[in-house]
Amino acid sequence: MALDPEKQRQRSAILADLLARVTLFDQQAFAELYRLTSSHLYAVALRILRESGAAEEVLQESYVNIWHHAGSYVAAKSQPLTWLTSIVRNRCLDQMRRREVDTVTIDDEEQGMMLADDRPTPMDLLLSSADALAVKGCVELLEAGQKQAIALAFYQGLSHSELARHLRQPLGTVKSWVRRGLERLKACLDGAGLER
Amino acid sequence: MNYLDPERLEALAAQYVLGTLSRLARDRLDRLSRENESVATAIRMWQNRLLPLADSLPPVDPSARVWPAILRRVHGQRESSSIWANLGLWRGLTLAGFATALALSVILLTSRSEAPPETLVVVLAGQDARPALVASADRLGRVLTVKPLAVVQPASDRILQLWALPGQGNPRSLGLLPASTSGLGLVRLDLPAPAGQALQNIPALAVSLEPLGGSPTGLPTGPVLYSGPIQRLY
């Protein structure tokens, strides 16, 4: 869904209008909102949960939630797609953190599978979104470890301890990569006036 | 641990949005964000910074069974006897139980008369179970007083409407709750009969968001923002 800024503005205006109508239980608007956003939100859930059944369940819950709570979207404070994405991601992350208590999420075999499939890797995604968002410079400022940790955490929903296992680094190292990486991103994004 | 130290809050909010926090820390920050505006703002700012990164994910169409399943969940509930069943009302009621008990004790403690107060009280809470309004009436009086417990400020082209929710049948409007620019103040609504009668067989009240002038259909059309059970102190 990487779009140029003008198209992005148009999309946001359309989605904000649909959300306003959903607030009033307008079913047509709800169907249109689903048509325009479900493949994006499903991709977000599928990446993190890695299993279509679980991702579909989260998607269902999220849209039911959106139907009831569209009124809590405040247009001035976030882009509509950001708000919608946060609903799906929060549910996914809650599930991941619950699962983590029971099992180790990624073993070596799974890791092999993740790398073997032809989907873009988290790092590819981070860099291509940086292209799309014109914040390439900000992502490029990150050191390799920071970039990798942030990409894996963001797209795959890995926690600190999962990152440490996955990257075969001490927990402290991974935590500081994440922390410093985020600090740098913030300074760069805010400095570039891109904060919305 | 002081979450509200700005630097610490900033780091926690960033990691919350990125998703790396442990379950415990995540839940804790979640709770805090509902109580504390600066926590909510820090999280929102980080969502605005990071979530556009998700735009680069190649879209994936969910299976065709997802949409009908969503509709079933949304409609099935709407059609079953009353629209209110699907609004989290009953869940909200249980959660609001504590708030109600608290409000009741306040009312009982501040009631100066020696005789037991012949009062109906309703604490109206949002989905987050935070009490937003309290409505009360003398059992024999014809006025229902609605008092905000928090800042309640509908958009300028919307108005709040108070509804009586009968055990069966459609909600009945009790009136509009007009707000000024500084939010909702104290509102007094006239009842058609003494409260004990007018609200007989009404287990709960709810507030919905409606177009200015109130619901055009006579039934709630907007989202239900607050609801609560009627407590009868007689």
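Predicted model: local features only at pLDDT ≥ 70, side-chain atom pairs only at ≥ 80, totals over all residues.
Visitor: Which strand of chain B is mostly covered, and how many of its residues are buried?
Guide: Strand β2 (residues 131–138) of chain B is, with seven of its eight residues buried. A residue is buried if 20 or more other C-beta atoms lie within 10 Å of its own, exposed if 12 or fewer, and partly exposed in between, with C-beta atoms placed from the backbone. Strands (E, at least two residues) and helices (H or I, at least four) are DSSP runs, numbered from the N terminus.

Visitor: Which strands are joined to β2(B) by bridges?
Guide: Strand β1 (residues 119–125) of chain B is joined to β2(B) by seven bridges, and the two run antiparallel. Strand β3 (residues 143–148) of chain B is also antiparallel to β2(B), with four bridges. Strands pair if DSSP finds at least two bridges between them.

Visitor: What stands opposite what?
Guide: B:V122 faces B:A135 in β2(B), and B:L133 is opposite B:P148 in β3(B).

Visitor: How many residues lie between the strands of each hairpin?
Guide: There are five between β1(B) and β2(B), where B:A129 takes a positive phi near 70°. Between β2(B) and β3(B) there are four.

Visitor: Turning to chain A, which residues of α10(A) are buried?
Guide: They are A:V174, A:W177, A:V178, A:G181, A:L182, A:L185 and A:L189. The face turned away from the buried side of α10(A) carries the exposed residues A:G172, A:A187 and A:G191.

Visitor: How many residues of chain A are in contact with chain B?
Guide: 52 residues of chain A are in contact with 40 residues of chain B, contact meaning that C-beta atoms, placed from the backbone, lie within 7 Å. On the chain A side, α2(A) gives the most, with nine residues.

Visitor: What is the average pLDDT of chain A?
Guide: Chain A averages 82, and 80% of the residues score at least 70. The pLDDT is the predictor's confidence in each residue, from 0 to 100.

Notes:
Residues numbered from 1 in each chain as written. Chains lettered and ligands numbered in written order. Contact = placed C-beta atoms within 7 Å.
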